[in-house]
Amino acid sequence: MMRDRRSIALSLIVPTLFLMGVAVPSIAQSESLDRTVLPIQEPKRPAITAFDARNVKAPPRFEIKAPTGAPNVLILLIDDMGFGMSSAFGGPIHMPTVERLGNNGLRYNRFHTTALCSPTRTALLSGRNHHMNNMGGITEIATAFPGNTGQRPNNVAPLAEMLRLNGYSTGFFGKNHETAVWEVSPSGPTDRWPTRSGFDKFYGFIGGETNQWAPMLYDGLTQVELPRDPNYHFMRDMTNQAIHWMRYQKSLTPDKPFFMYFAPGATHAPHHVPKEWIAKYKGKFEGGWDRFREETLARQIKLGVVPEGTKLAPKPEAIKDWDTLSADEKKLFTRQMEIFAAFGEYTDSEIGRLIQALEQTGQMDNTLIFYIVGDNGTSAEGGMSGLFNEYTYFNHVPETVESILQHYDELGGPMSYNHMAAGWAVAGDTPFTWTKQVPSNFGGTRNGMVIHWPKRIKAKGEVRSQFHHVIDIAPTVLEAAGLPEPKIVNGTKQSPIEGVSMVYTFGSPKANSRHRVQYFEIMGNRGIYADGWFAGTIHRAPWEYEPRQTLLSDKWELYDTGNDFSLVNDLAAKNQAKLKELKDLFMKEAVKYRVLPIDDRVLERMNAATAGRPDLMGGRTTLTVYEGMTGMSENVFINTKNRSHHITAEVDIPEGGANGVILAQAGRFGGWSLYLKDGKPTYTYNFVGLQRFTISSPQALAAGKATIRYEFEYDGGGPGKGGSGRMFVNGQQAGDGRIEHTQCCVFSADEGTDVGVDEGTPVTEDYNERDNKFTGKIHRVTVDLKETKTAAAHEEPQALREASHRKALAD
């Protein structure tokens with residue numbers, strides 16, 4: 001009876017306290033459970049002395065449940081979309097789902113990310129700054145320095161683990177990019193894979209980007225075999241998977257709340273989208289990026305997400321005025337933006353399907369939704385002209401407007417791996433100057449966000465302008481769920497959460513911001529926010545290969561953000577005392593959060609040895625692999641680039657002959673493959689999708705055992721040069737030829753090396769996509785690295801430095 005009275009009383013006071021910003025624990029939590037130590041400890045029970053079970057009553061079952069009334073939580077995170085892209089924040093891309101949620105919830109117009117992918121994601125899912133997650137950059141450029149090792153420490157438990165151990169079901173769909181590159185293999189360790197980081201379910205890709213038409217996916221720790229569906233697209237697939245998982249939860253355990261993290265690879269390059277969506281935007285961007293910026297700012301002001309009187313910040317000097325472009329440039333660039341906009345709307349429409357399914361379960365009222373429109377600003381990594389194949393950029397192979405126009409009708413489809421010109425990235429970050437990779441300007445970090453929770457947020461369509469950061473999401477979820485911050489998780493004392501809850505903003509539009517200080521830093525670009533003031537320095541632009549100056553010579557800018565939303569009035573010269581105060585504060589925060597030493601190296605951070613991170617291959621010069629080993633990413637497979645090497649395969653050929661792939665690395669947009677075609681040993685080198693060099697034996701293999709060896713003698717003279725190839729069968733030469741060009745730096749960010757098959761896209765059209773398994777038996781395949789006769793092969797000229805810089809930052 002007493003419990004009933006208390007339940008009634010709490011039901012009356014909880015909503016009032018919640019809207020006041022007071023966290024209210026459940027009765028179970030306040031009476032019996034210590035949720036600050038996770039897993040929650042099972043209470044000790046007295047020993048049972050009764051002999052016969054009929055004579056004793058069983059004790060109550062110990063079961064962890066979430067606090068009564070705890071909401072479902074859905075975090076939606078778009079990739080590489082800036083503040084000025086979505087229609088919900090004044091942009092030209094029609095995104096009705098986020099608009100609808102914003103019209104029935106709250107829009108946040110001063111919400112910030114880290115300016116780069118992996119750092120934002122780890123900060124989001126932990127409530128700690130990215131350097132405290134050891135994620136000062138993307139996983140591919142990890143170093144030996146604390147703050148940059150690429151491995152989340154055990155004292156930084158993810159939000160998913162906190163919720164799972166408090167009675168939530170947890171699911172993750174989409175892009176990860178939080179796992180150290182040398183850990184992305186079946187050898188592990190798998191501690192930092194999603195299903196070992198608090199998620200019961202993971203369906204998605206591990207790295208920084210993927211081919212939307214042919215992704216390399218994992219379901220938990222198991223690689224997924226894609227369906228042979230000509231209309232397959234990952235965005236639709238991941239949405240279906242998320243809907244199915246959610247329905248399971250609410251069908252089988254309707255009273256158990258779920259936490260879903262839904263993070264599409266869209267709208268990161270490659271920009272892949274069905275043609276019918278592209279057609280919707282035909283001609284809509286012919287006015288160019290300058291008009292785009294002007295019209296977007298006008299809509300932003302009218303919508304109320306940008307203050308009246310806000311001025312348009314200038315473009316970077318490198319971005320040309322639209323009116324000065326040639327007819328061909330305008331034609332190509334217009335098409336690029338049509339594709340990007342279509343990708344954005346298509347993604348939002350799939351999220352709309354997920355929201356509709358949520359409504360059908362009857363759970364919408366008590367689901368706390370965060371729709372974050374971008375993990376950083378829009379990407380300018382397509383350079384000044386955009387790209388047909390992003391891997392040309394990584395390998396320092398120039399593409400021109402003329403060459404890209406030859407593929408005009410293929411852009412956005414499965415035969416392209418495309419990106420757009422940097423001018424659109426600047427436009428997509430309206431009203432600011434800069435883009436992704438630049439945390440020293442709000443163009444890199446200011447992302448629109450919508451929060452929707454009908455049960456607790458009664459305001460509809462209002463704007464919240466308190467300064468907040470991605471580290472504030474986790475504490476907001478904990479307070480909303482009535483959960484304390486855990487002090488110990490899985491036996492490890494926890495580093496305190498550094499974000500602040502945003503719950504106080506739900507019912508108080510004019511409340512002062514509780515997030516008063518925030519540092520920003522990505523590879524030398526850095527800034528500091530403090531009580532409305534912002535100071536930052538542009539150390540390097542996204543399209544620049546080297547820093548503009550030394551770290552000690554960087555020029556800082558100063559802005560009063562309360563009166564200068566778009567950062568156009570630099571006060572550094574007028575208020576040097578305030579600038580010094582903020583620069584000193586940055587150094588204090590940098591020491592506190594493991595930001596130091598600032599590391600603006602590029603080439604060195606791409607090389608595991610000089611960066612100081614582990615390399616699965618280490619100093620090995622030979623690797624033997626076996627049938628069934630597939631999807632080995634570039635960071636865990638032996639590196640054959642820029643040096644001589646042999647590939648030796650021991651196989652059995654059945655009566656009637658054999659065909660199919662023996663060993664292949666990467667795919668359509670660059671890679672190589674050793675295979676049998678019409679029974680003949682064949683090797684094809686695919687140079688960034690532009691040229692294919694093939695060496696083949698004239699004779700088919702007879703039935704029985706056979707040893708196939710391909711030898712490549714590298715020319716030397718620097719990276720990315722050519723060489724001579726020879727084919728041997730059972731020790732006898734059976735073919736030779738020239739490979740005029742090779743890729744210096746990278747084959748693929750998502751397609752791996754496969755034994756006995758070429759998964760994903762095919763290296764060569766000599767065999768079919770997803771239907772090319774070897775029809776004989778493979779005993780083993782050995783790759784041996786050899787010394788290159790010309791010592792100059794190991795030189796590292798400017799071309800390699802530039803290509804490495806591109807790869808390091810574009811992920």
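**Reasoning through the cores and charged pairs**

Me: Which residues of helix 6 are buried in this predicted model?
Reply: In this predicted model, the buried residues of helix 6 are Phe234, Met235, Asp237, Met238, Thr239, Ala242, Ile243, Trp245, Met246, Gln249 and Lys250. They pack against strand 2 (72-77), strand 5 (169-175), strand 6 (201-205), strand 9 (258-263) and helix 9.

Me: What is the span of helix 9, and what is expected?
Reply: Helix 9 (residues 327-360) reaches 50 Å from its first C-alpha to its last. The expected value for its 34 residues is close to that, at 50 Å. Gly362 follows helix 9, with a positive phi near 80°.

Me: What makes helix 9 mostly covered?
Reply: Of its 34 residues, 25 are buried.

Me: Which residues touch the most other members of the largest nonpolar core?
Reply: They are Met260, Phe262, Met337, Tyr371 and Trp424, in a core of 91 residues. Helix 9 gives the most to this core, with 14 residues. Apart from it lies another core, of 54 residues, including Leu368 and Met449.

Me: Why is the pair Arg121 and Asp79 called a salt bridge?
Reply: The cut-off is 4 Å between a side-chain nitrogen of Lys or Arg and a carboxyl oxygen of Asp or Glu. Arg121 and Asp79 meet at 3.4 Å, N to O, which is within 4 Å, so the pair counts. Arg121 lies in helix 4 (residues 117-124) and Asp79 in the loop between strand 2 and helix 3 (96-103), so the pair ties together parts 42 residues apart in sequence.

Me: Why is Arg121 called buried?
Reply: Buried means under 20% relative accessible area. Arg121 has 0%, so Arg121 counts as buried. Asp79 also has 0% and is buried.

Me: How do you know that Lys436 and Glu381 form a salt bridge?
Reply: Their closest N and O atoms are 3.3 Å apart. The cut-off is 4 Å, so the pair qualifies. Lys436 is buried, with a relative accessible area of 1%. Glu381, at 3%, counts as buried.

Technical notes
Residues are numbered from 1 along each chain as its sequence is written. This is a predicted model: local features need pLDDT of at least 70, side-chain atom pairs count only at pLDDT 80 or more; totals for chains, interfaces and linings use all residues. Side-chain values use heavy atoms; hydrogens and water are left out. Helices (H or I, at least four residues) and strands (E, at least two) are DSSP runs, numbered from the N terminus. The expected span of a helix is 1.5 Å times one less than its number of residues. Buried means under 20% relative accessible area, exposed over 50%, partly exposed in between (1.4 Å probe, protein chains only). A nonpolar core is a set of buried Ala, Val, Leu, Ile, Met, Phe, Trp, Tyr and Cys residues joined through side-chain atoms within 4.5 Å. Contact means heavy atoms within 4.5 Å.
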